[in-house]
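Please view the structure first, then read the points grouped by topic.

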Number of protein chains: 2
Amino acid sequence: MEEQIQKILKHNQLSVTGGRTKILELFLAQDDALAHADIERKTGEKFDRVTVYRTLQTFLEKGIIHSIPTADNSVKYALCKDNCSEGHHHDHHVHFMCSVCGKTLCIDEVSVPVVNLPAGYKVEQIQMIVTGVCKDCA
Amino acid sequence: MEEQIQKILKHNQLSVTGGRTKILELFLAQDDALAHADIERKTGEKFDRVTVYRTLQTFLEKGIIHSIPTADNSVKYALCKDNCSEGHHHDHHVHFMCSVCGKTLCIDEVSVPVVNLPAGYKVEQIQMIVTGVCKDCA
DNA sequence: ACAAAACTTGCAACTCTGTTGCAAGTTCTT
DNA sequence: AAGAACTTGCAACAGAGTTGCAAGTTTTGT
Ligand SMILES: [Mn+2]
Ligand SMILES: [Mn+2]
Ligand SMILES: [Zn+2]
Ligand SMILES: [Zn+2]
């Protein structure tokens, strides 16, 4: 794991620091998406708030993580499993928010369906957020 | 219009006040979704920030407006055209965000497609947000 | 292995968004 | 017209996110 993390950081031309290593480790160990506050909590306040913001920002820009728009307008982040890079995300999967446990999940198996808009609209990106009860809470 | 506004407010058991009338008027006159800040700007700071928040909250609860989750996690609101009520929204249309003019639009003509999730997930609500170039900016 | 260059971090200060309690004001009911 | 019910503005606050800067760490080149 330690090794995998270094590889990811170096591959993205990022210096290997304690904060980045720890935060990336959290993402790799987690099955659901993380909010900024989750990260602060899970690192045991070991890093400054600002460092967490900047790290997430950097990871986003490099395409290591993607942000997830949620129905309640809170921001969550999850690892990109799809080999995304510098501003070119191409994970087109559905996102699921469980109303029982509150987890936000990437449903990698399901891609966002194509949709036909009225003439004149040019589609660049489609996001789909499903709310309901996840399989652990059913 | 004045008359229509009073009818909407009374139908929802809301007292007719200056603030509510003005804000509802804005929504009726607007073709795209409004953010809190837009409303403050357009009312010429005639009402307190808190009143605007409380009015939006009330309109949401009554089903007069619905909130729109945007890809950049800012909150926008638009009129419900679909006869929604107290916590029972049933506008299932696609939302569009133009990356040129920044407008957020309800595409009432297009409903959100059904999606099949893996076994065990129970779907309650689906939101679809399309980003691209709108027909005015094409 | 070392020094210099390049980058990252923590801190302080600040802005912006949203919330709450309360008293004064307005609207609705009779 | 008066009282009850509801709405508003104010002040105070909490939380989220941003920025500049100096000190600290990582990287690179020798
Ligand atoms: Mn995802
Ligand atoms: Mn809409
Ligand atoms: Zn769940
Ligand atoms: Zn446009």
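R20(A) places a polar side-chain atom 2.5 Å from a phosphate oxygen of DNA strand C. This is a predicted model, where local features need pLDDT of at least 70, side-chain atom pairs count only at pLDDT 80 or more, and totals for chains, interfaces and linings use all residues; side-chain values use heavy atoms, with hydrogens and water left out. Residues are numbered from 1 along each chain as its sequence is written, while chains are lettered from A and ligands numbered from 1 in the order in which they are written.

**DNA strand C**

- A polar contact is a pair of N or O atoms within 3.5 Å; within protein, one must be able to donate a hydrogen and the other to accept it, and residues adjacent in sequence count only if both atoms are side-chain atoms.
- D48(A) uses a backbone N or O atom instead, 3.2 Å from a phosphate oxygen of DNA strand C.
- Around DNA strand C there are 15 residues, and T17(A), R20(A), T51(A), R54(A) and V16(B) come nearest. A residue is near a molecule or strand if one of its heavy atoms lies within 4 Å of it.
- Of the atoms of DNA strand C that come within 4 Å of the protein, 65% belong to sugar and phosphate.
- The surface near DNA strand C holds five nonpolar, five polar and five charged residues. Here Ala, Val, Leu, Ile, Met, Phe, Trp, Tyr, Cys and Pro are nonpolar, Asp, Glu, Lys and Arg are charged, and the others, Gly among them, are polar.
- Helix α4 (49–62) of chain A and α4 (49–62) of chain B each supply at least two residues of that surface. The most come from α4(B), with four residues.
- Helices (H or I, at least four residues) and strands (E, at least two) are DSSP runs, numbered from the N terminus.

**Salt bridges**

- The whole structure has eight salt bridges over all chains. Each is a side-chain nitrogen of Lys or Arg within 4 Å of a carboxyl oxygen of Asp or Glu.
- K103(A) pairs with D31(A), with the closest N and O atoms 3.8 Å apart. The pair links distant parts of the chain, 72 residues apart: K103(A) is in the loop between β4 (93–98) and β5 (104–111), and D31(A) in the loop between α2 (18–29) and β1 (34–35).
- K103(A) is partly exposed at 28% relative accessible area, and D31(A) is exposed at 54%. Buried means under 20% relative accessible area, exposed over 50%, partly exposed in between (1.4 Å probe, protein chains only).
- D38(A) and R41(A) form another salt bridge, at 3.1 Å between the closest N and O atoms. Both lie in helix α3 (residues 36–42) of chain A, three residues apart, about one turn of the helix.
- D38(A) is buried at 17%, whereas R41(A) is exposed at 55%.

- H66(B) in strand β2 (residues 65–69) and C106(B) in strand β5 (residues 104–111) are 40 residues apart.
- H66(B) is buried at 5% relative accessibility, and C106(B) is buried at 15%.
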